[in-house]
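Student: I'd like to go through the charged side chains here with you. Could we begin with what the terms mean?

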Amino acid sequence: MLAMALVSVATLSGVSSCSLVPPAGLTPLPPIHEYVPSDWDLERRQELLAETAAATGLTDPPDVDVVRWVNPEDASDIAVECLRDAGFPVKQEADGYSYGSNEEDQQDAYFLASYVCNARYPVRLDIDRPLSDEELDAVYAHLEDVFLPCAAEHGYAGLSTPSREEYARAMQGETLDPVYLQLTREHHLTGSELERLLERCQLRPPGLRSHEA
């Protein structure tokens, strides 16, 4: 999970005390009402739904039409409203929501309702599309010029800079992130320590896949 977190574009931009000026060439994503899913997005949605069905034991999940696509920051609130409308008193949490029934039949019904709600209100997937060459250039330059010096200031000096080609493969999900491997294998960072570092040092350049609320 941590290895994939470092590869993720959308979820670990972090907060940095370093420069927050967006690099040139990073174009913001359209506001959600102008978002049009690509073929890649639609295929990825089906993959994610299949993964959800497999993880929750749904052997014959229903076909569900999209009601509307949503921004990631709105997904939890929308899912809570959808599930409550379906009769499940889910509890809002700081990092999402939870449902506490231990009855097997209720769990199965909840998993189905959760699947349907996620399918009706999927999170926009232009955030997760493969990066363009321009975006890869910006990410790699930010790694060299901002993240690695910032990490050194916070006690993680000596991290080697991967080649652009090596880092591009990691960013596209083909290999593990080489920076993650150094941090965990050479500096032995735990998950919480890695999270704290990413709060101090922004891993991705500001403006990468940014979008309006």
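Tutor: Buried means under 20% relative accessible area, exposed means over 50%, and partly exposed lies in between (1.4 Å probe, protein chains only). This is a predicted model, in which local features need pLDDT of at least 70 and side-chain atom pairs count only at pLDDT 80 or more, while totals for chains, interfaces and linings use all residues. Residues are numbered from 1 along each chain as its sequence is written, and side-chain values use heavy atoms, with hydrogens and water left out.

Student: OK, how many salt bridges does the structure hold?

Tutor: There are 7 salt bridges in the structure, each being a side-chain nitrogen of Lys or Arg within 4 Å of a carboxyl oxygen of Asp or Glu.

Student: Which residue does arginine 204 meet in a salt bridge?

Tutor: Arginine 204 pairs with aspartate 177, at 4.0 Å from N to O. The two come from distant parts of the chain, 27 residues apart, with arginine 204 in the segment after α8 and aspartate 177 in the loop between α6 (164-171) and α7 (178-185); helices here are DSSP runs of H or I with at least four residues, numbered from the N terminus.

Student: And is aspartate 177 buried or exposed?

Tutor: Aspartate 177 counts as buried because its relative accessibility is 0%, and arginine 204, at 1%, counts as buried too.

Student: What about glutamate 135, which side chain does it meet?

Tutor: Glutamate 135 forms a salt bridge with arginine 209, at 2.9 Å from N to O. Glutamate 135 lies in helix α5 (residues 133-153) and arginine 209 in the segment after α8 (191-200), so this pair ties together parts that are 74 residues apart in sequence. Glutamate 135 is buried, with a relative accessible area of 13%, and arginine 209 is buried at 8%.

Student: Switching to α2, how far apart are arginine 44 and glutamate 47 along the helix?

Tutor: They are 3 residues apart in helix α2 (residues 39-56), which means about one helical turn separates them. Arginine 44 is partly exposed at 25% relative accessibility, as is glutamate 47 with a relative accessible area of 42%.

Student: Last one, where is aspartate 85, and is it buried or exposed?

Tutor: Aspartate 85 sits in helix α3 (residues 72-85) and is exposed, with a relative accessible area of 65%.
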